[in-house]
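Trainee: I would like to learn how to read a protein model feature by feature. Could we take the general idea each time and then turn to the case in hand?

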Amino acid sequence: MKRFLSLIMVLVLIVSVTGCGQDSQTSSDEGSVEKLEENYDVVVIGGGGAGLTAAITAKEQGANVVLLEKMSFVGGNTLISGGEMAAANNWVQKDLEIEDSTDIHYEDTLKGGDNEGDEEIVRTLVDNALSTAEWLRDDVKVEFEKDHLYQFGGHSVKRSLIPKGATGNELITKLKAKAKELEVPIKLETKATDLITDDKGKVVGVKAENKDKQELTFNANKGVVIATGGFGASVEMRKKYNQEYGDNYLTTNNVGATGDGIRMAEKVGAELIQMDYIQTYPVCNPKTGAISYVADTRFDGAVLINKEGKRFVEELDRRDVISEAIISQSDQFGYLIWDSKIAENSKMDKHQNEYEKLERDGLIYKAETLEDVAKFFDISVENFTKTIEKYNEFAAKGEDEDFNRKGDIVSIDKAPFYIQKVTPSVHHTMGGIKIDKDAHVISTDGNIIPGLFAAGEVTGGVHGTNRLGSNAITDIMVFGKIAGENVAK
């Protein structure tokens, strides 16, 4: 029941953020007549970040494009993400005089996934990250913060661009507007069910079903792009590929992330790889499973402690490491602590709506003393105050002697103080359809499936065992763009 409530709440959040219902770009509007068969150069399946990027790019290459989305709104997981995008040598790094390189980003990404990522794919990812971010900024008109970057766990430096509002809403709003400007038709409530192949095995179209259960055919003269996301919202698929992540976990994913594209591709012979690699996000809402953006204070200095009032993990370690550390605690929860300095540095007020909901649900508390924030969650006051005193000594020295924390070590000493209860939730599925560096789908016999491309979380082999924070947006944008360019040729 908790899982279903979580998914419903995510859906409500999406609709409230976007105001989306039926879209003016869909042919499913009331009063319109649905054509049962339509012809295009390119059919894109999935209206999240990867799908919108692929559709826009293919259209900019001169192709006649249609986008199919099974939900009543566009956005996918991108919409409910933080929207941050890792790109080495970006313009904000230069302004802040942060030294970086694509080679460092490459090594961080491989290492973060235990060197299980495809080296050629990872090289393509990091080498195209900056130009893709510049395309988003200059062509799509996405606004990024000009003086603030995040350093997610596993990254050597601050390199993650932050969109306006620090959510994926900025990305989706601008991508949707660009698609509308280019007159790309978006068919909402249109669920792709099967890929159509010719007698030579080339993918030449898509079978779909609309809200009235009519079967639709979308022919594709040049090809099809699958951009339907992962399977984090499908307990059935999670159990199938990794029993550890069954219904004992809530999910941060939108309700549409059920692995549809993976199954469609498998039916036409696509190879699926690394399907057992499933990632949890460590600091989520214990009641809903939703990712917490208030908890982004972690990137600006917040400290994780346990019920006993002690630190137990490096706060900027890999997501899987932090998640496993939290689950191993006595109550399977973590407690984030920060002060007013960190709240200001993290621009926490951007997430005031979430903060107020957490407060109503008793999951966050603000007080004038450290003793009071500890008492709120019945944490050992003696241990807690000693832990913070010790940490503040580390901050004064500039070195975390217990866990070797990355990034800036900021003292927690200026009231008011905040404490937030967090727990891991299924966040990203690293496995999926095998592709090459040009986003072609690869078959089980190692050959390219002609006419079929894939991009984003629906693919496997990009991140290895574990994805670094903000590499997902880089992935969907870089390979969405590559898929759009190549399918339009």
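**Reading the features in turn**

Mentor: In this predicted model, the axes of helix α6 (residues 119-138) and helix α15 (residues 471-487) come within 8 Å and cross at roughly 85 degrees.

Trainee: How are α6 and α15 oriented to each other, roughly parallel or roughly perpendicular?

Mentor: Two packed helices are described by the angle between their axes together with the distance between those axes. Angles of 65 to 115 degrees count as roughly perpendicular, and α6 and α15 are therefore roughly perpendicular to each other. On the α6 side the contact is made by residues including Leu-125, Ala-129 and Trp-135, and on the α15 side by residues including Met-477, Phe-479 and Ile-482.

Trainee: Which strand pairs with β11, and in which sense?

Mentor: Strands of a sheet pair through backbone hydrogen bonds, and they do so either parallel or antiparallel. Here β11 pairs with strand β15 (residues 417-429) in the antiparallel sense, over five bridges, and within that pairing Tyr-281 has Ser-425 of β15 as its bridge partner. Strand β11 (residues 278-284) is mostly covered, since seven of its seven residues are buried.

Trainee: What is the strand order in the open sheet of three strands?

Mentor: The order is β3-β5-β4, with antiparallel pairing, and the edge strands are β3 (85-86) and β4 (144-150), each of which pairs on one side only. Three bridges join β4 to strand β5 (residues 160-163), and Leu-149 stands opposite Leu-161 in β5.

Trainee: How many aromatic pairs does the structure hold, and how should I read one of them?

Mentor: The structure holds eleven aromatic pairs, and each can be read from the distance between the ring centres and the angle between the planes. Phe-231 and Tyr-241 form a tilted pair, 5.9 Å centre to centre with 55 degrees between the planes. Phe-231 lies in the loop between β9 (215-226) and α8 (235-241) while Tyr-241 lies in helix α8, so this pair ties together parts that are ten residues apart in sequence. Phe-231 is buried, with a relative accessible area of 0%, whereas Tyr-241 counts as partly exposed at 22%.

Trainee: Why is the pair of Tyr-355 and Tyr-418 edge-to-face?

Mentor: Planes over 60 degrees apart count as edge-to-face; the rings of Tyr-355 and Tyr-418 have their planes at 80 degrees and their centres 6.2 Å apart, so the pair falls in that class. Because Tyr-355 lies in helix α12 (residues 352-360) and Tyr-418 in strand β15, the pair ties together parts that are 63 residues apart in sequence. Tyr-355 counts as buried at 7% relative accessibility, and Tyr-418 is buried at 9%.

Trainee: Where does the charged end of Arg-137 sit?

Mentor: The charged end of Arg-137 sits over the ring of Trp-91, 4.3 Å from its centre, and Arg-123 lies over the face of Tyr-106, at 4.6 Å from the ring centre.

Definitions and conventions: Residues are numbered from 1 along each chain as its sequence is written. This is a predicted model: local features need pLDDT of at least 70, side-chain atom pairs count only at pLDDT 80 or more; totals for chains, interfaces and linings use all residues. Side-chain values use heavy atoms; hydrogens and water are left out. Buried means under 20% relative accessible area, exposed over 50%, partly exposed in between (1.4 Å probe, protein chains only). Helices (H or I, at least four residues) and strands (E, at least two) are DSSP runs, numbered from the N terminus. Two strands pair if DSSP finds at least two bridges between them. Rings of Phe, Tyr and Trp (its six-membered ring) pair if their centres lie within 6.5 Å; planes under 30 degrees apart count as stacked, over 60 as edge-to-face and the rest as tilted. A charge sits over a ring if NZ of Lys or CZ of Arg is within 6 Å of the ring centre and within 35 degrees of the ring normal. Axes are lines fitted to C-alpha atoms, for helices over the stretch in contact, and angles run from 0 to 180 degrees between N-to-C directions. Angles under 35 degrees count as roughly parallel, over 145 as roughly antiparallel, 65 to 115 as roughly perpendicular and the rest as oblique. Contact means heavy atoms within 4.5 Å.
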